[in-house]
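Subject: Structure handover

Dear colleague,

I am passing on the structure below, followed by an account of what was found in it. Please read the notes with the structure open beside you.

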Amino acid sequence: QVQLVESGGGLVQAGGSLRLSCAASGRTFSNYAMGWFRQAPGKERERVSTINWSGVSTYYADSVKGRFTISRNNAKNTVYLQMNSLKPEDTAVYFCAASVYSGINTPFKYWGQGTQVTVSS
């Protein structure tokens, strides 16, 4: 059973920073792509950023390029999302996800419970 546990969300003022963490367990973490998604109230879930198994390849949504950085530490079975220059429109529940494949553009099968990020103006 794969488990993903997010942490690091909270309330921050616009222009501030947060770092989300996602601890994975239950299988060989280093073989698979990981990602961060978000969902704001009344909106569809959005892919924010994904990272391949090795950390070499990454994807960012246009809305977060230049502000967010995804990374992973396979020795610690953890993926991170560093979020800088946060904007009120970044407010959402952020979900960690794990793929069953190694590449960044693959389906994500496993999901965490989500962590709330709220950016005040």
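Which backbone oxygen does the side chain of Thr50 reach? Please bear in mind, before the reply, that this is a predicted model. The side chain of Thr50 reaches the backbone oxygen of Ile104, at 3.4 Å. Thr50 itself belongs to strand E5, which covers residues 46–51, and Thr50 is buried, its relative accessible area being 0%.

The next point concerns the cysteines. A search of the whole structure turns up one disulfide, and this disulfide joins Cys22 to Cys96, with an S to S distance of 2.0 Å. Because Cys22 is in strand E3 (residues 18–25) and Cys96 in strand E9 (residues 92–99), the pair ties together parts that lie 74 residues apart in sequence. The torsion about the S-S bond of Cys22 and Cys96 is about -80°, and the disulfide is therefore left-handed.

The structure holds one cavity of 30 Å³ or more, and the largest cavity contains about 60 Å³ of space. Its lining is made up of Val2, Leu4, Ala24, Ser25, Gly26, Arg27, Phe29, Tyr32, Met34 and Ala98, and these lining residues divide into seven nonpolar, two polar and one charged.

Most residues other than glycine have a negative phi. Asn77, however, has a positive phi of about 55° although it is not a glycine; Asn77 sits in the loop between strand E7 (68–73) and strand E8 (78–83), where Asn77 is partly exposed, with a relative accessible area of 26%. Ser85, in the loop between E8 and E9, also has a positive phi, near 50°, and Ser85 counts as partly exposed at 40% relative accessibility.

With best wishes

Methods. Residues numbered from 1 in each chain as written. Predicted model: local features only at pLDDT ≥ 70, side-chain atom pairs only at ≥ 80, totals over all residues. Heavy atoms only, no water. Disulfide = S-S within 2.5 Å. Helix = DSSP H or I, 4+ residues; strand = E, 2+ residues; numbered from the N terminus. Buried < 20%, exposed > 50% of the residue type's maximum accessible area, 1.4 Å probe, protein only. Polar contact = N/O pair within 3.5 Å; in protein donor to acceptor, adjacent residues only side chain to side chain. 1 Å grid on protein atoms, 1.4 Å probe; cavity = no way out; pocket = protein on both sides within 12 Å on 5 of 7 lines; lining within 4 Å. Points joined across faces, edges and corners; volume = space filled by probe spheres on them. Nonpolar A, V, L, I, M, F, W, Y, C, P; charged D, E, K, R; others polar.
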